[in-house]
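Hello,

Here is the structure I promised to pass on.

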Amino acid sequence: MTDIRHELAGTIRRLAEAEGAVLGGDWPGPVGAGSPGGSCSSLIGLAREAGVSEPTIARATAEAVGVPYMESLAGHPASADFTDKVPIGFARHHQMIGLANGSSSGTGPLMVATGSLQELEQLHTLCRFLGRPIHPVVAPQQQIQAAINAAYQQQEGQAQTFIAQIDREDVMDEVAQLSDREDLLDVDSRAPVIKLVNLILFEAVKLRASDVHVQPYEEALVVRLRIDGVLYDSFDVPKHLQDEVISRLKVMGRMNIAEKRLAQDGRAAVQVGDRVIDLRIASLPTSFGERIVIRLLDKSSELFSLTELGMPAQTLEQYRALIGYEHGLILVTGPTGSGKTTTLYAALQQVNATERNILTLEDPIEYQLAGISQTQVSEKKGLTFAHGLRSVLRQDPDIIMVGEVRDHETAVMAIQSALTGHLVFSTLHTNDAPSAVTRLLDLGVEPYLVASSLVGVLAQRLVRRVCNECAAPYLPSGGDLAKLGLMSKGLDTSSMRNGVGCEACRQTGYAGREGIFELLPVNDEIRQKIQSHASASQISGVAIEHGMKTLRDAGIIKVLQGTTTIDEVVRVTTRTQS
C-alpha cells in the first residue's frame, strides 16, 4: 500500500499542477510516502480539501494502480448480467458498475468501472460472485453514480413477473416495515409485498404516470396507471394479497391500517435513484375492500416556462401582457389534471424578480419556487384559502397566488386584493374561459366587483402528442373532419399525422402532452356585459368578435400542424362546445 500511495501522491501533484491547482509545500510528494496521512484514503481526502477535481483524482488513481481510466461512461451501457445479479445497495456502497463490453455469454471477462481505490479489493469478491473474470477501469465518482442510477432504472417488467412468485406466508409479519424514505430501486432486501409495491411504483414513475389506482374487484386487485391523462390496466394482483398490499400503502402514508370504514389521506416520499417523488395517498372504502389512489409528484422534474407550454405566439404575447399588470385578478380554468398549476408556476417564474414580493397559498405545494414564499393551507388546522389570504395581505405582497377559488369568502378576498393594488393569480373549475365570470357571480360576488378586478381568464386542456417514433401521414375522411366542424374543401391537411403504435409509446400512438388554450382578455365591452349579468355564451360571442380562439379552435390548429389527432381534440373539448 505504501508503494501505491507513493505513486498516487506524485501523480496527483503532477496532474493537479497541470490543471493549475496549487497543493502547497506540505503536500506529500513521491519522496514523502511516510508523511502524515499514510493511507490512500487520507491522501485522497487531502487532495479534495486542496481543491483537486474528482476527475483528476480518478485519473491519478488509475495511473497509480495501472488500470485504464474512462473520463466519461456515456455511450457505455451497463451490463445486464451485473444489474440482474448485483443489488443496487452493493453497487452504490462500493461505487462500481459493470459495463457491457461485447461479451453476452455471461462467462467472458466483464469490464467493471469503479470510482474508489479502496474498493478495488471488492472486485475479487465480485469476481467470485459473478463467476467470471473482471477487467477493472477507473472513472470519476459522479460518472459512476449516474451510471448506477441509469442502469437500475432501465430494469422493466419486474412487477408482473414478481407477482407470480409471492407466498402469502412470507409477507404477513413484514408488511409494516418502513424507512422514512424508500428507495424504489433497492428491492432485494425487502419483504415480498414491499418489493411488489416498490416495483409497481417504480414502473409508474418510469412510465411517467401521474396517478396509480389500486382498485379491488370481487375476484382480483387491479392496478391501473394514468399515463398522459388516460387510465390503463397494468397489473392483476391475486385477491388473497389485497389486504397486505393495501396495508403496505397505508403504512407508507402513515395512515391507520386498522380503520377500514372511513376515507383517509396520507403522504410519503420515495426515491428512484437521485429523483425524489412525493406520493399523495388517498383511501376510500368500497364494497370489495379499500380502494387506493396515489398521486405522484416528481420533485426533481424541471418546471416549464411559458414558452414550453404549447401556447401559440399570439396567445403567449397576450398572456405575457396580462401577467405584466401591476394589479388585477387573473384566472386559469379547467378540470382537474388539465395543467392549471403548471401554467401558474410558469407565470410566477416569468414575473419573479427581486424587487417583487411574491407569496402563494397552495393545497398542496407541488414544487418549490426559488425566491417565492409558499404556504400550505390546512383545512384541519383552520388555515383555509380565505383565512390564509388575510394573513398574506399583512405580508406586504406585490403578487399573490391562491391555489383555488372554492367559495364566496375566498372569491371576495381575492377580488378585494386585486382591487387594492395586488396582482392575484388563481384557478377555477369551469369548462371554458367565459364560464369563469358566471362562476364568480354564482359564488355571490357582485358583478361590478368582478368587472372592476378581472383582467383575464385562461382556459386550458392537455392533449396527447402524436408519438414521433411511429408517426405517419394521415389523410382524414370527410366524417373525421366533420367531428371538428370542418369541411375538406380548401383545407390544408398535408401536415396531419397519426401514431401507428410502437414500443416507445406502448402501442398507443401518443407520447407526452401539451396544452391547448383559450384566452379571454377582459376589455371594456366585456366589462359592460359582466355588469349586465350577461350569460357565458354572450360573453363568449363578444370575445370571439375581438379575436378570441376557443379551445376547439386551438385544438384544430394543433391537429392541422400534426401535433395531435382529431379524436384527441374531440375527447378533451366536447363539453366546452355549446
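What percentage of the 578 residues in the protein is buried? Buried residues make up 50% of them, where buried means under 20% relative accessible area (1.4 Å probe, protein chains only).

A word on the source: this is a predicted model, in which local features need pLDDT of at least 70 and side-chain atom pairs count only at pLDDT 80 or more, while totals for chains, interfaces and linings use all residues. Residues are numbered from 1 along each chain as its sequence is written, and side-chain values use heavy atoms, with hydrogens and water left out.

The protein has 22 helices and 19 strands (DSSP runs, H or I of at least four residues for helices and E of at least two for strands, numbered from the N terminus).

Now to helix α20 (residues 536-545), whose axis comes within 10 Å of that of helix α19 (residues 524-531), crossing at roughly 175 degrees. Axes are lines fitted to C-alpha atoms, for helices over the stretch in contact, and angles run from 0 to 180 degrees between N-to-C directions. The two helices are therefore roughly antiparallel (an angle over 145 degrees). Glu525, Ile526, Lys529 and Ile530 of α19 meet Ile539, Val542 and Ala543 of α20, contact being heavy atoms within 4.5 Å.

Helix α16 (residues 434-442) also packs with α20, at an angle of about 145 degrees and with the axes 8 Å apart. Here Pro434, Ser435, Val437 and Thr438 of α16 touch Ala536, Ile539 and Ser540 of α20.

Best wishes

Notes. Angles under 35 degrees count as roughly parallel, over 145 as roughly antiparallel, 65 to 115 as roughly perpendicular and the rest as oblique.
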